[in-house]
Amino acid sequence: MAATPESPAAATTRRKAGRHRGEGQWAVGHFTPLNGNEQFKKDDDGLNVRTRIETIYAKAGFDSIDPNDLRGRMRWWGLYTQRKPGIDGGKTAVLEPEELEDKYFMLRVRVDGGQLTVAQLRAIGEVSDQYARGTADITDRQNIQLHWIRIEDVPAIWEKLESVGLSTTEACGDCPRVIIGSPVAGIAADEIIDGTPAVDEIHERYIGSKEFSNLPRKFKTAISGSPVQDVVHEINDVAFVGVVHPEHGPGFDLWVGGGLSTNPKLAQRLGTWVPLDEVPDVWAGVVGIFRDYGYRRLRNRARLKFLMADWGPAKFRQVLEDEYLERKLVDGPAPEQPLSKWRDHIGVHPQQDGRFYVGFAPRVGRVDGTTLTKVAELAGAHGSDRLRTTVEQKMIILDVTEDQVDSLVAGLEALDFQVNPSPFRRGTMACTGIEFCKLAIVETKGRGASLIDELERRMPDFQEPITINLNGCPNACARIQVADIGLKGQLVLDEDGRQVEGYQVHLGGALGLEPGFGRKVRGLKVTADELPDYVERVLRNFEAQREDGERFATWAARAEEGALK
């Protein structure tokens, strides 16, 4: 008898089931490593590499490092090999890792919640000057990265950092990365709830623990009780957003499954209200789901956002409640839309206690060790022992008395840190770029800094909030898809047909009010040399065509293509 033809719907269901049957999910019994990364993690936990670094590699040198440690497990301690100088972007995708990498490392110092003391910042500055050729970058996840690190110096660097309470533990790798938090937690006059106790408890209980040291991919966390929603919660794997429940009071709204890179997705609300003291347990439940149900077969599908996209928030919440928390979560309201045009806390602002905090802007997060030491000394001289980094590559000094504010501002500006920066300096970010990153195709830091200077010269009266994010490759470390003007590095042809550094342009991305990803105009690419002309042209079109009070993102979404080129 002839078989009954399979319906299109049944065929689709079968293909989906087949695809997910082999996703490498531990919770359904798939423990066989399905790629090289999963194999080296099974062979030895990434946290174990520290002993080999201290006892073998730091003594025998770079050439003694096992390849799976060098390009894998050492990330669990914040170490990546950096790009060998002189390799152009056209070779990024064709050379093998050992051909791209130098015998030096980038070292990421973990700064949970952006929290630093004067002694800690001074220690980072001293490590930078002594071991990193003076380099230091403030990242858009509140960390500080150093370059030119020799493996021989790593134990001494750890000793220096750990003596003041800092570490590089799980700063990279397939594990819980730094917990970003409101840089004004516990002090802002308008704060809904202070998330610092949750940040600290998660760090104490779980960071460096083998319970979560082998995840399918990296895991990013955000916790903030600020009404300006200052931790880009929409693009984190898990985020706790301050909210007031009508019956239970201040707590957190739970978001899961955000992330950018080449397949961007916004996090989704689970519709729950989480009290402060339950945040660590709920966090652990979400991470546990990722560990057990996350897709380990393909690296490009291993982030939590793909599991959330397949499950949806209702199923994710049910699994979290039934299998991990073993109790129901309280339903809760969504957070109110942030009203602030900026979410970065730049400027002089009152604290709850009558003192002030002062936020200031370097250029695209690029600083140096000597300057960081001077910032630490400046803070201490003005009565502060607390500083913060932000998710916009900026810094804040806390606890300044009113009579010290003007002197502190003058001292910062003498270091070229602006307290009242132009919108261009305030809103421009850049990733590491081709100078140090093995994945990059184009230069970013210097290009971003020169773009700021050029736009300030050309458009001194422009005062609208604007974000301009430069990324050296498609991986979106600088959040190009959610910037007003997002610039994705790639090689393009100039007017003479030569291949040169340039950018694909994304326009009108946003977080906060009306979050969404930027618009790509067909064929819209710009060479690096043309970048200032292009940005000026688009911003002048915006000024000429915008309606009263209209944001750039809203205008970019409705503008004709001719106005965007």
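Strands S6 (176-181) and S7 (residues 219-224) run parallel and are joined by four bridges; strands are DSSP runs of E with at least two residues, helices are runs of H or I with at least four, and both are numbered from the N terminus. Two strands count as paired if DSSP finds at least two bridges between them. Within this pair, Ile 179 has Thr 221 of S7 as its bridge partner. Helix H9 (residues 279-293) packs on the sheet and touches S6, S7, S8, S9 and S10, with its direction at about 160° to that of S7. Contact here means heavy atoms within 4.5 Å; axes are lines fitted to C-alpha atoms, for helices over the stretch in contact, and angles between N-to-C directions run from 0 to 180 degrees.

The model is predicted, with local features requiring pLDDT of at least 70 and side-chain atom pairs counted only at pLDDT 80 or more, while totals for chains, interfaces and linings use all residues. Residues are numbered from 1 along each chain as its sequence is written, and side-chain values use heavy atoms, without hydrogens and water.

The sheet is open and has six strands in the order S6-S7-S8-S9-S10-S11, with mixed pairing. S6 and S11 (330-331) are the edge strands, each with a single partner, so one side of each lacks a neighbour in the sheet.

| Pair | Bridges | Opposite residues |
|---|---|---|
| S8 (residues 238-245) and S9 | eight bridges | Gly 242 and Phe 252 |
| S9 and S10 (residues 268-274) | four bridges | Trp 255 and Arg 269 |

S8 and S9 form a hairpin with three residues between them. Seven of the eight residues of S9 (residues 249-256) are buried, so this strand is largely enclosed by the rest of the structure. Buried means under 20% relative accessible area, exposed over 50%, and partly exposed in between (1.4 Å probe, protein chains only).
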